[in-house]
Amino acid sequence: IIAELKAERLDTDEAILNELIFDYLVEKAKVKKLPKADVRDYYNNNYDYINQQFASYTSYYESIDVFACEFLGLAKNSDWQAEIRKMAEASVTEKLVFYYVMRDANLIVPEEEFEARKADIIEGYLDATLKNAKVDRADYETEEKYLEKVEEYRTNILNYYTEPMLREAVMYDYALEYLRQKVTLTAGE
């Protein structure tokens with residue numbers, strides 16, 4: 001249990017550090033104008049996703065507005081569409097900063113590393129998905145049935161994450177490795 005808690009703590013610390021790095025960069029960046037098409041795409045993707053989720057819970061919520069506010073962790077009667085607009089703008093800003101850092105530091109993933117890194121990312125998504133879905137080997141009669149379920153989740157992941165999305169995830173991780181080498185945090189920060 002202690003080993004699991006330590007591993008979970010390390011994962012949490014790393015995620016927090018990654019978030020802090022980009023929060024700092026985005027805060028310091030001076031983006032003059034966001035590309036409207038990109039903001040619109042992020043907005044539409046979030047809007048569509050919330051509507052898809054709502055479709056599964058229509059019998060539990062009186063309206064999309066009530067569902068969206070709860071889904072996004074907003075106060076009741078908040079303007080959830082304005083919130084997803086802010087989320088879209090923040091995502092596009094982060095992406096612009098991310099690409100600036102990549103270009104400025106000449107961070108190009110060596111082609112011979114790309115496929116291995118992509119496979120690691122897919123396995124990470126699969127592990128997280130299996131954990132969230134509480135898929136446990138002990139719950140299956142045979143190893144074959146368990147592996148069938150794992151492959152079902154892997155197929156869903158590969159259907160959801162397009163090649164451009166995976167390429168971006170590889171580049172993001174590569175850039176974070178570089179940035180983490182440049183950042184030092186002291187206790188209490």
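Helices H5 and H7 pack at an angle of about 100 degrees, with their axes 9 Å apart; axes are lines fitted to C-alpha atoms, for helices over the stretch in contact, and angles run from 0 to 180 degrees between N-to-C directions. H5 is therefore roughly perpendicular to H7, a class that covers 65 to 115 degrees, while angles under 35 degrees count as roughly parallel, over 145 as roughly antiparallel and the rest as oblique. The model is predicted: local features need pLDDT of at least 70, side-chain atom pairs count only at pLDDT 80 or more, and totals for chains, interfaces and linings use all residues. Residues are numbered from 1 along each chain as its sequence is written, and side-chain values use heavy atoms, with hydrogens and water left out.

**Confidence**

- The protein chain has a mean pLDDT of 85, and 94% of its residues reach 70 or more; pLDDT is the predictor's confidence in each residue, from 0 to 100.
- Among the elements of the chain, H3 has the highest mean pLDDT (92) and H1 the lowest (74); helices (H or I, at least four residues) and strands (E, at least two) are DSSP runs, numbered from the N terminus.

- On the H5 side, the contact with H7 is made by Glu-111, Glu-113, Phe-114, Arg-117, Lys-118, Ile-121, Ile-122 and Tyr-125, where contact means heavy atoms within 4.5 Å.
- H7 contributes Glu-163, Leu-166, Arg-167, Ala-169, Val-170, Asp-173, Tyr-174 and Glu-177 to this contact.
- The residues of the H5 and H7 contact divide into eight nonpolar, no polar and eight charged; Ala, Val, Leu, Ile, Met, Phe, Trp, Tyr, Cys and Pro count as nonpolar, Asp, Glu, Lys and Arg as charged, and the others, Gly among them, as polar.
- Helix H3 (residues 64-72) and H4 pack at an angle of about 40 degrees, with their axes 9 Å apart, so H3 is oblique to H4.
- Ile-64, Asp-65, Ala-68, Cys-69 and Leu-72 of H3 meet Trp-80, Ile-84 and Met-87 of H4, and the residues of this contact comprise seven nonpolar, no polar and one charged.

**Nonpolar cores**

- The largest nonpolar core has 20 residues, and Phe-98, Met-102 and Val-109 have the most contacts inside it; such a core is a set of buried Ala, Val, Leu, Ile, Met, Phe, Trp, Tyr and Cys residues joined through side-chain atoms within 4.5 Å.
- Two or more residues of this core come from each of helix H1 (2-28), helix H4 (80-104), helix H5 (111-132) and helix H7 (163-182), with H7 giving the most, eight residues.
- Leaving out residues up to four places away in sequence, Phe-98 touches Phe-22, Glu-168, Met-171, Tyr-172 and Ala-175.
- A second, separate core of 13 residues includes Val-39, Ile-50, Phe-67 and Ala-68.

**Individual residues**

- Arg-117 lies in helix H5 and is buried, with a relative accessible area of 17%; buried means under 20% relative accessible area, exposed over 50% and partly exposed in between (1.4 Å probe, protein chains only).
- Apart from its neighbours within four places in sequence, Arg-117 is in contact with Val-109, Val-170, Tyr-174 and Glu-177.
- Lys-95, in helix H4, is partly exposed at 28% relative accessibility.
- Beyond residues up to four places away in sequence, Lys-95 touches Tyr-42 and Glu-168.
- Leu-5, in helix H1, is exposed, with a relative accessible area of 52%.
- The C-alpha atoms of Leu-5 and Met-165 are separated by 31 Å, and these residues are 160 residues apart along the chain.
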